[in-house]
Amino acid sequence: MLSLMSVETVTPDTSLNAGPLTLIHEADNAPGWWRSAVIYQVYPRSFRDLNGDGVGDLAGITEELPHLADLGVDAVWLSPFYRSPQRDAGYDVSDYCDVDPIFGTLGDFDVMMAESHRLGLRVIVDLVPNHCSDQHAAFQAALAAPAGSPERDMFIFRDGTGPDGSEPPNNWQSHFGGPAWTRVARPDGQPDQWYLHLFDSSQPDFNWDNPAVHAEFERVLRFWLDRGVSGFRVDVAHALVKAPGLPAWGGRADGGSSEGFPGHEAPMFGQPALHDIYRNWRRILDQYGPDRILCAEANVDPLPRLANWVRPDQMHQAFNFPYLHAGLDVYRLRGVITDSLEALDAVGAPSTWVLSNHDVVRHASRFGYNGQGPRDGDGIGPADPQPDIALGRRRAAAASLFMLGLPGAAYLYQGEELGLPDGVDIPEHLRQDPTFARTGGERLGRDGCRIPLPWRAAETHLGFGHGRDPWLPFPSSFAALARDLQAASPSSHLALYRDILRLRRGLNLGRGSLSWAEDWCTGSSLGYVNGTTLVLMNLNHDPLEMPAGHVLLRSDPSGAGRFLASGETAWLQLGPDAAAD
Ligand code: NOJ
């Protein structure tokens, strides 16, 4: 019988039954909690609604934090909870140093921090420095002030083009669709200048050529560091600085790709002056000790360019979007993992790994397609081809087990531990992602991955809240996936995540080495050795025969025997006397 073995069976010689190995990455002994941390993304409006208004809140997070400690994560990343008109779910901030009333108060934040620390969880928060809300006091002052004023210089105002200035200053497009410029009017109603917004028109971009903007964000950093946060996830970190002269751009609006600009970024992405901003922020964080971190949400490619962001004097981490986009293509996965570890090792930084977040279709849905799935940010609607959720959840379990065996840090998105799929049947009037309105409904947007969490199957609103309807409706499938039901089942998705995280910690896999196990790297399977653990993933229709070894964990707990089914991953403990039968 195959069994889940404890970690004492570790033996040092991995070459005995794993076949030829190609070493890519040595074990990492450098100090820093974040180098191997598992960080759980909490999306506050959908986590837990304690006050019954239909939207999650900070008190709700505090209430359920013990579940996250029990899951075995090291830290929590909170998406924005700051004062905001919520035109882009809080990524439109009107006051960076206060909590939005829908989420609670600064006092609630402090209570949540204290409870996190009591449970041994660190907290990092989102920082949104590229743009604010059009309701921010600084933007309101800019609107009231004339062209050329210091108030306007906090943002990117320009005169229009064309004979009467009625054309935008350049051809840049918003990520959410439509032009990236909006024209304002003078107090007398006469048309005036245009302001730049790479996202929604309610999100004006700051002018990072202005030292006053730098000073304001230094204040914001210190405000939250003083309140005990362990760092910041920096929103669109690659976009703050724009190329001088704002030259025209013909490439995609929604990515930092160098497409169309060989060897260069687009004029709104990856500009060299960004690095001085992050050097300065790093100096500020370091004044608070070595444990505060910066993580870049920077969609730059290729991977060696991304590595520029995580040098010892800049960011600690960057999200690994190439990994997220590699899907289940074994060649792409091997390439991205190898390139990530090589590029980041060259600058002494750990890699990060991620499969889901609040901007993409959840991986339980994405992996339920055999051909082309939905495009990022587009969501799945009732009229679209539907994923096979059973298949998607099985593959998602395999992919998560595969990812969490890799050395480095990993980011989880709330609900992936339950294997939640995206919501599909969202009535149009409830859709809130600005993408939906800005594209006239052509792109559904990201609401489907933001449905509230199902906590307790038998309670009102599945235990998310006990008052008003949740801000987005639950799909019918969510009741059977509720956390309390999964917590009671040793073969659930949740139980698998808990086992993965316990073993990952016990085996120190986050700090481990990585060698490709060549015999298992075929066109449809992938295998690597981390320390003395062999991780195998089979994506073929034919079962894959496993080598001898004690089976620590497999993603389909109902599977047993010497074969891995399609869409399944196993961890094996290697050793000279190991045997599986
Ligand atoms: C990236 C965030 O993850 C996304 O949700 C947001 O809409 C944009 N940045 C704009 O802030």
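A residue counts as buried when its relative accessible area is under 20%, as computed with a 1.4 Å probe. The model to which this cut-off is applied here is predicted.

Helix α9 covers residues 330-345. Buried residues in α9 are Val-330, Leu-333, Val-336, Ile-337, Thr-338, Ser-340, Leu-341, Ala-343 and Leu-344. The length of α9 can be checked against its residue count: at 1.5 Å a residue, 16 residues should span 22 Å, and the end C-alpha atoms are 22 Å apart, so the two values agree. At the start of the helix, Asp-329 places a side-chain oxygen within 3.0 Å of the backbone nitrogen of Tyr-331.

Next comes the sheet. Eight strands form an open sheet with parallel pairing, in the order β12-β11-β10-β6-β3-β2-β14-β13. Its edges are β12, at residues 317-318, and β13, at residues 352-354; each of these strands pairs on one side only. For β13 the partner is β14, residues 409-413, and the two pair in the parallel sense over 3 bridges. Within this pairing, Thr-352 has Ala-409 of β14 as its bridge partner.

A further strand, β19, runs over residues 550-554 and contains Arg-554. Is Arg-554 buried or exposed? Its relative accessible area is 8%. Because the cut-off for buried is under 20%, Arg-554 is classed as buried. The side chain of Arg-554 also makes a polar contact of 2.7 Å with the side chain of Glu-568.

Note on methods: Residues are numbered from 1 along each chain as its sequence is written. This is a predicted model: local features need pLDDT of at least 70, side-chain atom pairs count only at pLDDT 80 or more; totals for chains, interfaces and linings use all residues. Side-chain values use heavy atoms; hydrogens and water are left out. Two strands pair if DSSP finds at least two bridges between them. Helices (H or I, at least four residues) and strands (E, at least two) are DSSP runs, numbered from the N terminus. Buried means under 20% relative accessible area, exposed over 50%, partly exposed in between (1.4 Å probe, protein chains only). A polar contact is a pair of N or O atoms within 3.5 Å; within protein, one must be able to donate a hydrogen and the other to accept it, and residues adjacent in sequence count only if both atoms are side-chain atoms. The expected span of a helix is 1.5 Å times one less than its number of residues.
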